[in-house]
Amino acid sequence: MVVCGTALTVGAGAGAGTPLQDLFRLLAPASRGLLLADEKELRAGIPSDLPELLRLDEWNQPEEFWDVRPSEHETFRMIADVLESGDPTRYRPTLPANTHWSHWPDAGTL
């Protein structure tokens, strides 16, 4: 597989017909930097004069996100507080992060 001009070898566990999300999951541990957006790509749609306030690479996502309003979940209440106050130190989660793909094995198949 070629990603951003770099040939990557997909190891054991992948074969013809392997779903794309599974290939990415296999490649991610060793090639995370190639698979995720770089700084330029991240900022492409954001005005250059808008400073970064908070960047989260992981957080606690409600398991039943269709049934939980953002105002009812710690993560989103804290993000709203950070945005309102302009103070990133107000993001102090007590719930463990669960956004790693292993917590969501059916992701990509919905």
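A search of the whole structure finds five salt bridges. Keep in mind that this is a predicted model. As background, side chains of opposite charge can pair when their charged atoms come close.

Let me start in helix α1, which covers residues 20-35. D22 and R25 both sit in this helix, three residues apart, or about one turn. Their side chains form a salt bridge, at 3.6 Å from N to O. Are these two buried or exposed? D22 is partly exposed, at 29% relative accessibility, whereas R25 is buried, at 12%.

Next is the pair E39 and R55, whose closest N and O atoms are 2.9 Å apart in a salt bridge. E39 belongs to helix α2 and R55 to the loop between α2 and α3, so this pair ties together parts that are 16 residues apart in sequence. Both count as partly exposed: E39 has a relative accessibility of 42%, and R55 has 37%.

Another salt bridge joins the side chains of D87 and R90, at 4.0 Å from N to O. D87 is partly exposed, with a relative accessible area of 27%, and R90 is partly exposed as well, at 36%. Going back to R55, salt bridges with shared partners link it with E39 and E52 in one network.

Now the surface. M1, L20 and F24 make up a nonpolar patch there, with about 250 Å² of accessible area together. L20 is part of helix α1 and is partly exposed, at 46% relative accessible area.

One backbone detail: most residues other than glycine have a negative phi. C4 has a positive one, near 50 degrees. Where is C4? C4 lies in the loop between β1 (2-3) and β2 (6-7), and C4 is exposed, at 65% relative accessible area.

Note on methods:
Residues are numbered from 1 along each chain as its sequence is written. This is a predicted model: local features need pLDDT of at least 70, side-chain atom pairs count only at pLDDT 80 or more; totals for chains, interfaces and linings use all residues. Side-chain values use heavy atoms; hydrogens and water are left out. Helices (H or I, at least four residues) and strands (E, at least two) are DSSP runs, numbered from the N terminus. Buried means under 20% relative accessible area, exposed over 50%, partly exposed in between (1.4 Å probe, protein chains only). Patches are made of residues with over 30% relative accessible area and no salt bridge: like charges are joined within 9 Å, nonpolar side chains (Val, Leu, Ile, Met, Phe, Trp, Tyr) within 5 Å. Accessible areas come from the Shrake-Rupley method with a 1.4 Å probe; for residues, only the protein chains shown count as cover.
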